[in-house]
Amino acid sequence: MYVKVHTSGMTTPQYDPELVKSVVSWCRRSSVDPLTQEMIPGATLKQRQPLAALGGLVAALAETYGRTTGSLDRWPDGVTSWAKAAPRPPTDMISGIRSALGNEGSGLFAAIYERIVAGPNRRHLGTFFTPAAVLEFMVTRAKSVSQNPTVIVDPGAGVGAFTESALREWPHASVHAIDVNVVTLGLLAARCSAMQTSQEPIFHHADYLGWIQAANPHDEAHRLFIGNPPYTRHHLMNKATKKLAQAASGELCPSGQAGLSTHFLAATLRRMQARDTLCFLLPTNWLETNYGRHIREHLWQLHSRLIEIHMFPHGASVFPNAQVSAMVILIGPETQRKQEMRYFQVTQNQRGRYVAKSVTKRKRAGSAPPIFTRESLSQEVKGQIGEKCASAKPLSDVATVRRGVATGDNSFFIRTDAEVAHLPEAAYVRALPSLRNISFDDLTPELHETMGQQGARRWLLRLDKTDSTDPAVAALMHEGEKKGTPERYLCKIRTPWYAVEEVPIPDILIAPMSKSEFKVVSNTAQAIPTNSLYGIRLLDRAAAELFARPLTLWLQSEDGQKSLRALARRHSDGIFKLEPRALSGLQIPNHVFELGA
């Protein structure tokens with residue numbers, strides 16, 4: 001069995017490969033007009049033809065099972081039209097599929113769809129599949145807080161493993177399956193006909209973001225929103241979808257950088273009622289990115305709702321064939337008392353089942369942590385990572401944080417000693433492209449000089465500060481033009497192309513990415529960092545020399561590093577990454593500044 005999710009993944013197939021192959025082969029041979037690009041965005045013409053033929057299989061199954069509730073005319077118009085227009089497959093093929101459906105459920109249809117539409121072409125609609133172990137885990141967690149829902153909503157239902165489970169686990173609930181993809185929704189409808197359950201889901205051929213805005217539940221309804229919203233990145237969303245997404249998300253997700261799954265979460269949160277429960281499988285990005293900030297702050301204020309964050313291991317093959325970090329968020333109904341936010345680490349046991357181990361919990365008081373990670377939610381770092389307290393102040397109160405210079409072409413603009421020896425002194429300034437080879441905690445003028453003697457690139461060109469008629473400068477500009485530097489993106493939008501941005505010299509340099517310890521050094525050499533580094537510049541310039549050193553030492557300390565990791569995003573490969581906004585919110589103990597006084 002497979003379930004639609006934001007990334008692809010397969011374990012040992014639980015379907016007959018030969019049956020899948022024969023169905024796909026028949027679809028490709030069938031004489032039928034392909035579906036339009038608007039119906040299946042991202043799919044090629046070659047893929048949309050067999051998808052059109054697949055409707056005949058759906059129609060044949062509905063007619064074979066002969067249920068009144070499963071008849072074509074009870075389905076959404078788009079699904080009905082697609083199914084009726086397609087040719088019917090051979091009788092023996094239908095018999096084989098009927099037999100297989102008794103054991104394989106939605107996994108058979110998922111395999112057929114995957115065989116027709118390649119992974120890259122499924123990204124526009126987020127139509128991907130992952131093992132049933134994740135589904136089982138989510139259903140178990142949802143039942144722990146929502147035992148008797150009256151309404152179950154499966155957003156972006158796909159071929160419907162969540163809908164299928166809902167019919168079995170909550171047989172008396174009204175199940176709503178919503179999907180914009182006519183093909184997967186039709187396959188789900190056919191599968192539900194084959195299940196012969198006491199009732200059939202209500203199918204909605206619609207964009208969930210529009211559907212949830214129009215939904216008008218009864219006051220007594222106890223809804224469970226469970227599923228895995230499509231993982232469609234923002235750059236694959238057209239203007240109409242982005243407009244609908246931002247309207248549905250409102251103030252919880254106004255950013256145009258958020259993917260579709262984040263908008264699904266925001267739109268659902270805005271319309272949750274007191275008795276409602278939510279259990280979504282999502283990518284982890286929204287826990288740490290700026291576009292998820294308003295959602296995190298909203299969740300922090302839902303004091304009467306239990307909130308659980310379940311993190312799958314970084315780098316683990318939760319979804320084979322895909323590099324993506326995943327998590328499950330569970331939000332319970334409102335209660336009469338304040339609830340905690342709990343953080344769980346998910347692991348897989350020897351039998352292949354996912355289990356959750358509680359690693360931290362947090363009472364929600366004061367301001368929300370800037371990000372939701374294990375470190376940031378840990379009570380041990382309270383007062384250092386997000387909550388203002390009398391003994392600390394945010395870094396933004398005493399310093400500015402910004403990326404270094406974005407040159408557009410470091411190979412041209414960052415030079416060695418030998419390359420600048422013949423240039424006028426106004427043509428270059430001290431620079432530092434990386435902290436990788438810096439083993440000291442202070443970039444002194446002497447150390448910077450030693451780097452030059454070793455052949456390191458340590459000078460940033462400032463050609464706009466020089467006379468372009470100077471022979472050496474003119475030759476350098478000609479060199480850049482010959483190698484195509486003026487056509488590089490950042491250079492192309494500058495006037496003139498060689499006028500690199502000017503940034504204030506920072507007092508402290510920090511490498512924003514690390515697997516363990518973030519490298520931090522004082523910048524007494526007054527070098528300009530490139531955009532692979534961040535610069536921290538103290539606001540009080542009169543006291544900068546006095547306070548820069550103790551601040552550097554604290555950032556290098558165990559407490560400082562722990563606080564930095566708490567603010568950092570964790571990538572799937574285990575690397576921590578700091579963002580300037582998060583670093584600006586770092587809580588600095590007051591005693592750090594007392595050391596410099």
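## A β-α-β unit around strand E4

Strand E3 (residues 151–155), helix H8 (residues 161–169) and strand E4 form a right-handed β-α-β unit. Right-handed here means that, with the strands pointing away from the viewer, the path from the first strand over the helix to the second runs clockwise. Helices (H or I, at least four residues) and strands (E, at least two) are DSSP runs, numbered from the N terminus. The model is predicted: local features need pLDDT of at least 70 and side-chain atom pairs count only at pLDDT 80 or more, while totals for chains, interfaces and linings use all residues. Residues are numbered from 1 along each chain as its sequence is written, and side-chain values use heavy atoms, with hydrogens and water left out.

E3 and E4 are parallel and share five bridges; two strands count as paired if DSSP finds at least two bridges between them. Valine 153 has histidine 176 of E4 as its bridge partner. E4 is also joined to strand E5 (residues 202–205) by four bridges, again in parallel. There, aspartate 179 is bridged to histidine 205 of E5. Strand E4 (residues 174–179) is largely enclosed by the rest of the structure, because five of its six residues are buried. Buried means under 20% relative accessible area, exposed over 50%, and partly exposed in between (1.4 Å probe, protein chains only).

## Nonpolar cores

The largest nonpolar core contains 78 residues, and Leu54, Ile97, Phe109 and Val183 have the most contacts inside it. Helix H2 (residues 45–65) supplies the largest share of this core, eleven residues. A nonpolar core is a set of buried Ala, Val, Leu, Ile, Met, Phe, Trp, Tyr and Cys residues joined through side-chain atoms within 4.5 Å.

Leaving aside residues up to four places away in sequence, valine 183 touches Leu35, Ile40, Leu51, Leu54, Trp82 and Tyr113. Contact means heavy atoms within 4.5 Å. A second, separate core has 43 residues, among them Ala245, Ala258, Phe280 and Ile329.

## A four-stranded open sheet

Four strands make an open sheet with mixed pairing, in the order E14-E16-E15-E20. Strand E14 (414–415) and strand E20 (528–529) are the edge strands, and each pairs on one side only. E14 is antiparallel to strand E16 (residues 459–461), with two bridges between them. Isoleucine 414 has leucine 460 of E16 as its bridge partner.

## Backbone details in two loops

The peptide bond from threonine 495 to proline 496 is cis, with omega near -10°. Proline 496 sits in the loop between helix H19 (489–492) and strand E17 (508–510).

Glutamine 526 has a positive phi of about 55°, although it is not a glycine. Glutamine 526 belongs to the loop between strand E19 (520–522) and E20.

## Helix H21

Helix H21 (residues 558–567) is largely enclosed by the rest of the structure, because seven of its ten residues are buried. The buried residues in H21 are Gly560, Gln561, Ser563, Leu564, Arg565, Ala566 and Leu567.

## Whole-protein totals

The protein has 23 helices and 24 strands. Of its 597 residues, 56% are buried. Among contacts between residues at least 6 apart in sequence, 74% join residues at least 24 apart.

The protein exposes about 25500 Å², of which carbon and sulfur atoms supply 49%. Accessible areas come from the Shrake-Rupley method with a 1.4 Å probe; for residues, only the protein chains shown count as cover.
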